[in-house]
Amino acid sequence: MSRDYFQLQGKVALVTGASSGLGVHFAKVLAAEGATVVLAARRKEKLDANVKALEESGAKAMAVSLDVPSPDSVDSAFAAIKAQVGPVDILVNNAGVASDPLSFVDTQEDDWNWVVDTNLTGAWRVARGATLQMKEAGNGGVIINIASIYGLRTGGMKVAYNASKA
């Protein structure tokens, strides 16, 4: 007997970092299971192309500009999502960056801050925004934080990235 474990019709799924790579993959999987998918990232033109491809396959999708280190950007994105498709039910917290490979002593504070503000603080900020929408809607929800193997072991010349993923 076959069972369909993923019944996501009527659910709104937000995928951050959805302009390329794993973010696009996650968006396709969620859309294939019936969710309305919100693709979010800084590169709006890439998001628009990804949304168009999803819609051509019959999926429901929208794009929203999102720069996770910016509280205003996160707030604006959640307001737009709620207004256009309803509150978020599923968050795939995938946005992340890495600086150029640098030794510990060559890592500058700006490099550190950019990586940590995106990968750690940004992930917290987006998860909090999703949680607030889920709580307000009273339907619960799911938050999936995408990490890295560098959360379990370190890689050379990746000081800020290793710390942000651990």
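I began with S19, which counts as buried at 9% relative accessibility (buried is under 20% relative accessible area, exposed over 50%, partly exposed in between, with a 1.4 Å probe and protein chains only). This is a predicted model, in which local features need pLDDT of at least 70, side-chain atom pairs count only at pLDDT 80 or more, and totals for chains, interfaces and linings use all residues. Residues are numbered from 1 along each chain as its sequence is written, and side-chain values use heavy atoms, with hydrogens and water left out.

Next I looked up where S19 sits: the loop between β1 (12–16) and α1 (helices are DSSP runs of H or I with at least four residues, strands of E with at least two, numbered from the N terminus). Leaving aside neighbours within four places in sequence, I found S19 in contact with V24, A41, R43, K46, L47 and N50 (contact means heavy atoms within 4.5 Å).

Then I turned to A160, in helix α5. A160 is buried too, with a relative accessible area of 3%. Not counting residues up to four places away in sequence, A160 touches W112, V115 and V116. I also checked A160 against V88: they are 72 residues apart in sequence and 30 Å apart in space, C-alpha to C-alpha.
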